[in-house]
Amino acid sequence: MSSSDVDCDVLVFGSCIVDFISYVPRLPKVGETLHGTRFATGNGGKGANQCVAAARLGSRTAIIGKLGDDPWGKAYRTALAAEGVDVEQVDVVPGESTGIAQINVADNGDNQIVIVTGANKRLEPTDVLRRPELFERSRILVCQLETPVEGTITALKAFRGISIVNAAPAEPNLPSMLLSLATIFCVNETEAALITGLSSVTDVQQAKVAVHKLQEMGCKTVIVTLGEKGAVFAQVNSDQVYHVKPIKVNRVVDTTGAGDAFIGALAHCLAKHPEAELGNCIAAANRVAAWSVQKPGTQSSFPLAGEVALPDDLVTLKEHWECV
């Protein structure tokens, strides 16, 4: 698809959620009440986060999503438009509340998150059909699991380009069609263990096992992100697994949204560098995610184009990944 044929680099079919963030010395134990040090609100939801991450890096983006008929939803739609995101298909749903996330962030950067999806549960298969030209004239489609899976499967069926499913929040016994339709299936270590039934996925070798297991379950290209240990991936119809080395940071401030920064950056690189090797795109996405964990907040932590160093052709990132 040439640039003249494209209206949108990255199309997101997914969630919009408002974050309520409490900063605490450490994460609370069950039944424990802690004094927090600071409170903040911000815009989140995996779908919108990934869309904004790609938009800030310079991709033309659009999102199909649902917001509640409340002050949070109306303000969120305005904020997405201000980021340069096409919000024509972001509906404010009468009688529904905007999705919310309650987030605790500890001093060491660890977090706990509880979401109430609200209007997001109204994202349906019919929403795919309302603007077919977006699916026909977009380079990359990105989906997650914070909205009903029936709509996500319909979106994947309708798309002919490269699709990314970020299977988060993870669930066991995902539909086999969801696994097989995605061009790229991406999960973190916790999600990989839950979906595959493995006891744990905490290092590169265990991630390698998870990658093979996911491919046996029907996935094509698989990426397992490992946080500070980098990422592991294998491409469709290949037994070869690669490790993409992590980017070291001086101080972790807040890991909330780092996975979304990674997915948004990956989609951006795949759209803007269609000839680049996948390992180079993953290495670039690692850089963006590493940049984000050094800043507080979710979308507010995502870098603008130029704030994080990404090589023009990504070729020099080849040294950051190797066969395992």
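Colleague: How far apart are the end C-alpha atoms of helix α8, and what span should its 13 residues give?

Modeller: This is a predicted model. In it, the end C-alpha atoms of α8 (residues 204-216) are 18 Å apart. At 1.5 Å a residue, the 13 residues should span 18 Å, so the two values agree.

Colleague: Which residues of α8 are buried?

Modeller: Val204, Ala207, Ala210, Val211, Leu214 and Gln215. They lie on the same side of α8, because they cover an arc of only 135 degrees around the axis.

Colleague: Which residue caps the N-terminal end of α8?

Modeller: Asp203 does, with a side-chain oxygen 3.3 Å from the backbone nitrogen of Gln205. Just after α8, Gly218 has a positive phi of about 120 degrees.

Colleague: New topic, the open sheet of four strands. What is the order?

Modeller: The order is β3-β2-β6-β7, and the pairing is mixed.

Colleague: Which strands stand at the edges?

Modeller: β3 (38-44) and β7 (111-116). Each has a single partner strand, so one side of each has no neighbour in the sheet. On average, neighbouring strands of this sheet are turned by 20 degrees against each other, direction ignored.

Colleague: And β2 with β6, how many bridges join them?

Modeller: Eight bridges, between β2 (residues 17-24) and β6 (residues 99-106), and the two strands run parallel.

Colleague: What stands opposite Phe20?

Modeller: Gln102, in β6.

Methods. Residues are numbered from 1 along each chain as its sequence is written. This is a predicted model: local features need pLDDT of at least 70, side-chain atom pairs count only at pLDDT 80 or more; totals for chains, interfaces and linings use all residues. Side-chain values use heavy atoms; hydrogens and water are left out. The expected span of a helix is 1.5 Å times one less than its number of residues. Buried means under 20% relative accessible area, exposed over 50%, partly exposed in between (1.4 Å probe, protein chains only). The arc is that of the directions from the helix axis to the C-beta atoms. A polar contact is a pair of N or O atoms within 3.5 Å; within protein, one must be able to donate a hydrogen and the other to accept it, and residues adjacent in sequence count only if both atoms are side-chain atoms. Two strands pair if DSSP finds at least two bridges between them. Axes are lines fitted to C-alpha atoms, for helices over the stretch in contact, and angles run from 0 to 180 degrees between N-to-C directions.
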